Amino acid sequence: MTEESIATAEGAAGSLAVAQGKCQGHGRCYAVAPDLLTDDEEGFVAQAGQVLPISVALAEQARAAADACPEWAIDYRVS
Ligand code: SF4
């Protein structure tokens, strides 16, 4: 591993924005990204309205969460 790739592996891979007001409580996002997202007491995603920094290690979960949401409530941006 080169110095550059080590720095990339330890740095942020992107960000995950969870829109406020779009979640319908399908529960797909936190099922595929349990290390990033959780549910509230009513089954809605608990991180609505937040933008989460995503590490390289959690990039796949972030991508899976964005792909899983049928309401387009989750936006994963690679930095
Ligand atoms: S998959 Fe989408 S609609 Fe379902 S809980 Fe997650 S954010 Fe809400």
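**Around the ligand and beyond**

Modeller: Of the 14 residues around the ligand, C23, H26, R28, C29 and C69 come nearest. A residue is near a molecule or strand if its C-beta atom, placed from the backbone, lies within 6 Å of it. Before we go on, keep in mind that this is a predicted model: local features need pLDDT of at least 70, side-chain atom pairs count only at pLDDT 80 or more, and totals for chains, interfaces and linings use all residues. Residues are numbered from 1 along each chain as its sequence is written.

Sorted by class, the shell around the ligand holds 8 nonpolar, 4 polar and 2 charged residues. Here Ala, Val, Leu, Ile, Met, Phe, Trp, Tyr, Cys and Pro count as nonpolar, Asp, Glu, Lys and Arg as charged, and the others, Gly among them, as polar.

Let's step back to the whole chain. The chain has 3 helices and 3 strands, and along the sequence they follow the pattern α-β-α-β-α-β. Helices (H or I, at least four residues) and strands (E, at least two) are DSSP runs, numbered from the N terminus.

The strands form an open sheet of 3 strands in the order 2-1-3, with antiparallel pairing. At its edges are strand 2 (51-55) and strand 3 (74-78), each pairing on one side only. On average, neighbouring strands of this sheet are turned by 25° against each other, direction ignored. Two strands pair if DSSP finds at least two bridges between them. Strand 1 (residues 12-18) is joined to strand 2 by 5 bridges, and 5 bridges also join strand 1 to strand 3. You can follow this at G14, whose bridge partner in strand 2 is I54 and in strand 3 is V78. The next residue to look up is S15, with P53 as its bridge partner in strand 2.

Now for a helix on the sheet. Helix 3 (residues 59-68) lies across strand 1, strand 2 and strand 3, and runs at about 140° to strand 3. Axes are lines fitted to C-alpha atoms, for helices over the stretch in contact, and angles run from 0 to 180 degrees between N-to-C directions. Look at A62: leaving aside its neighbours within four places in sequence, A62 is in contact with G14, L16, A33, L36, I54 and Y76. Two residues are in contact if their C-beta atoms, placed from the backbone, lie within 7 Å.

In soluble globular proteins, nonpolar side chains tend to be buried together.

What does "buried" mean here? A residue is buried if 20 or more other C-beta atoms lie within 10 Å of its own, exposed if 12 or fewer, and partly exposed in between, with C-beta atoms placed from the backbone. Of the 79 residues of the chain, 25% count as buried.

Q47 lies in the loop between helix 2 and strand 2, and it counts as buried because it has 22 C-beta neighbours inside 10 Å. Setting aside neighbours within four places in sequence, Q47 touches V18, L37 and L52 by the contact rule. G49 is found in that loop between helix 2 and strand 2 too, but G49 is exposed, because it has 11 other C-beta atoms within 10 Å. G49 and V18 are 31 residues apart in sequence and 5.5 Å apart in space, C-alpha to C-alpha.

Finally, find W72 in the loop between helix 3 and strand 3. W72 is exposed, because it has 9 other C-beta atoms within 10 Å. W72 has a positive phi of about 55° although it is not a glycine. Most residues other than glycine have a negative phi.
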